[in-house]
Every structure is written in structure tokens, then in C-alpha cells.
Amino acid sequence: MLPAHLRQQRIERWTGIGFVSPALLLFVLTGLLPLAVLLGLSFTDYELGAIDVKNAGFANFARAFADPGFRRAFGNTLLYVAIVLPGAVGLGLLVAILVHGRRRTRGLYEVIYFLPVTSTLIAIATVWQFLLHPRLGPVNALLRFLGIGEIPFLSEPHLALPTLAVVGIWQLLGFNMVLFLAGLSAIPKDLYEAAEVDGCTGALDRFFTITLPLLTPTTMFVVVTTTITAFKVFDTVAVMTRGGPMGASEVLLYSVYLEGFQYFHMGYAAALTVVFLVFILVFSGIQSAVLERRTHY
């Protein structure tokens with residue numbers, strides 16, 4: 001017969017395991033198991049619908065790094081992230097500061113800026129495709145009215161990817177604004193009053209002396225999440241450009257989609273996905289480590 005305190009510890013332990021088990025099982029089935037299948041497929045020559053599957057070793061990975069299409073998609077993805085990251089973070093902070101200073105209309109502006117976040121990317125991409133249409137779109141109609149002429153935003157190779165990046169910034173702006181608003185609301189007002197007593201009266205002085213340093217934890221989170229979201233761009237590319245023109249807007253996830261579901265090279269597509277996941281993990285880790293050193297808690 002166990003002592004009472006040992007029985008109580010055992011009951012608490014098994015009760016905890018019982019509560020955790022459903023979530024753990026769900027995580028294994030929806031997270032770890034698909035990842036294990038993905039890793040397994042990346043080392044095979046499996047094609048969708050094929051019966052015979054052979055071990056390909058690291059051939060898929062060697063093919064990926066030697067593939068000019070993959071290198072082009074990788075470069076396009078980096079360029080997309082380089083445009084979206086500073087735009088979505090900087091504009092999100094600017095809008096948050098402007099909205100935070102409002103009193104009566106703050107709620108209205110929050111709803112307006114957050115609306116794109118609540119919409120699906122497919123719907124957003126469809127609307128933007130119409131807006132930027134060279135003949136029917138209101139954007140080019142306005143440009144014609146101003147005498148500038150039509151601009152082929154989605155059919156010109158050097159304009160397609162920046163145009164998609166602008167759509168990405170627009171879609172992420174509201175979410176980043178809400179995060180920055182939460183960070184701004186957590187800053188004690190007496191710090192601004194103390195700074196004003198010490199002679200820090202200018203808006204820019206208060207921003208760089210108090211606001212920006214105290215927002216660094218929020219900024220770090222926003223930068224990392226925005227980076228990951230930007231790397232995962234797919235919907236807008238699939239709807240608006242389909243990787244064109246001439247591959248100018250083809251990004252990593254769209255390359256994975258083409259290889260897996262257009263050409264049915266599932267093994268090679270799985271290898272590309274593994275490379276993508278590893279790169280995201282390493283890049284986010286380095287980014288977090290660098291930003292952590294400059295974060296003030």
C-alpha cells in the first residue's frame with residue numbers, strides 16, 4: 001500500500017498525462033508524422049501515381065542545387081522578402097504610432113487597416129488582379145487619365161515581383177499594426193512625462209529615446225513572423241502571375257507546387273520543401289539571435 005502523498009503524486013501525474021495526451025497525439029499526427037513522410041519522400045524518386053519507388057539517396061538535393069530554375073526561384077524569394085520585410089515592419093510601426101495617437105476614431109482606423117488580414121489571400125489576389133488589369137483596372141484607368149499611360153504591372157518581368165511585394169505589404173500591414181499597438185499600449189506614460197521634464201520635448205527625441213527601445217521585443221517578434229510569412233508566399237503568385245512572366249515571379253513554394261502537382265515529381269518536390277524548411281529554420285534562428293542582443297526587456 002503506497003503512502004498517501006505518493007498516491008496523490010501518481011494521480012496528479014496520470015491526470016496531467018491524460019490532459020496532455022490529446023494535444024500530443026494531434027501534434028504527432030498533424031506535425032511530426034507529415035514531416036517524417038516528407039523526409040522519407042525526399043530521398044526517393046517517387047512520382048505521383050507510380051507504384052515502383054526507388055531510393056535516390058541525395059540525388060534530389062544535388063539536383064536542386066544544380067537546377068537553374070531553383071536558383072532563380074530562390075533569388076526571387078529573397079528579393080520578395082527584402083522588399084516586404086522593411087515595408088511591412090516600417091509601415092506597420094508608422095501606422096500604429098499614428099493610430100495610437102487617435103482618440104475617437106482609433107477603433108475605426110484599426111478596423112480599416114485590419115480588414116485585409118481577415119480576408120483570404122486568394123480573394124485578395126483576385127481583387128488586386130482586377131485593380132491592376134491593363135485595360136479594365138481602375139489603377140491603369142487613373143494613370144491614363146493623368147497622361148502617364150498604362151503600366152503592365154503583372155506582365156512586365158521587372159515589375160511583376162515588386163508588384164506582388166506591394167500586395168504582400170498591404171496584406172501584412174494591419175496585423176503588424178495590431179502587434180505594435182499592443183507594444184505601444186504597454187509603455188508607461190510616466191516615462192514620457194519624466195523625459196519631458198528632463199528636456200526631451202520633441203516627438204522624434206521621445207520616439208528614439210523611449211518608444212523605439214521599449215518596442216524592441218515587439219519589433220523582434222514582428223520581424224521574425226513577417227520574414228517567415230514573406231518566405232511562404234504562394235497564393236498571390238499562383239493567382240496573379242503563375243510565376244511569370246518568364247519566371248520573373250516564380251518563388252520557392254510555387255516551384256515546389258509545379259514540381260509536385262504539375263510535373264508529378266513528388267520526391268524532388270519533397271526535397272525542395274526540406275531545403276526550404278531548413279533555410280527558414282536557420283535564417284530565423286540567426287535573425288532571432290542577432291535581434292535578441294539588441295532587445296531591451
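Helices (H or I, at least four residues) and strands (E, at least two) are DSSP runs, numbered from the N terminus. The model is predicted: local features need pLDDT of at least 70, side-chain atom pairs count only at pLDDT 80 or more, and totals for chains, interfaces and linings use all residues. Residue numbers start from 1 along each chain as its sequence is written, and side-chain values use heavy atoms, without hydrogens and water.

**View A. The loop between α11 and α12 holds Pro245 and Arg242.**
Gly244 and Pro245 are joined by a cis peptide bond, with omega about -5 degrees. Arg242 is not a glycine, yet has a positive phi of about 55 degrees. Most residues other than glycine have a negative phi, and most peptide bonds are trans. Arg242 is exposed, at 64% relative accessibility. Here buried means under 20% relative accessible area, exposed means over 50%, and partly exposed lies in between (1.4 Å probe, protein chains only).

**View B. Phe264 sits in the loop between α12 and α13.**
Phe264 has a positive phi, near 65 degrees, and is a residue other than glycine. With 39% relative accessibility, Phe264 is partly exposed.

**View C. Glu250 and Arg72 form a salt bridge.**
The N to O distance is 3.3 Å. A salt bridge puts a side-chain nitrogen of Lys or Arg within 4 Å of a carboxyl oxygen of Asp or Glu. Glu250 lies in the loop between α11 (235-241) and α12 (252-262) and Arg72 in helix α3, so this pair ties together parts 178 residues apart in sequence. Glu250 is buried, at 12% relative accessible area. Arg72 is partly exposed, at 38%. The whole structure has 4 salt bridges.

**View D. Glu110 and Arg106 pair within helix α4 (residues 106-118).**
Their side chains meet in a salt bridge of 2.8 Å, N to O. The two residues are 4 apart, or about one helical turn. Glu110 is partly exposed, at 26% relative accessibility. Arg106 is also partly exposed, with a relative accessible area of 22%.

**View E. Glu150 and Arg135 form a salt bridge between two loops.**
The closest N and O atoms are 3.0 Å apart. Glu150 lies in the loop between α6 (138-145) and α7 (157-185) and Arg135 in the loop between α5 (121-131) and α6, so the pair ties together parts 15 residues apart in sequence. Salt bridges that share partners join Arg135, Arg144 and Glu150 into one network. Glu150 is partly exposed, at 31% relative accessible area. Arg135 is exposed, at 60%.

**View F. Helix α2 (residues 59-66) packs on helix α3 (residues 68-100).**
The angle is about 65 degrees, and the axes are 5 Å apart. Axes are lines fitted to C-alpha atoms, for helices over the stretch in contact, and angles run from 0 to 180 degrees between N-to-C directions. Ala64, Phe65 and Ala66 in α2 meet Pro68, Phe70 and Arg71 in α3. Contact means heavy atoms within 4.5 Å.

**View G. Met240 belongs to the largest nonpolar core.**
This core has 61 residues, and those with the most contacts inside it are Tyr80, Val84, Phe180 and Met240. A nonpolar core is a set of buried Ala, Val, Leu, Ile, Met, Phe, Trp, Tyr and Cys residues joined through side-chain atoms within 4.5 Å. Beyond neighbours within four places in sequence, the contacts of Met240 include Trp128, Leu154 and Val167.
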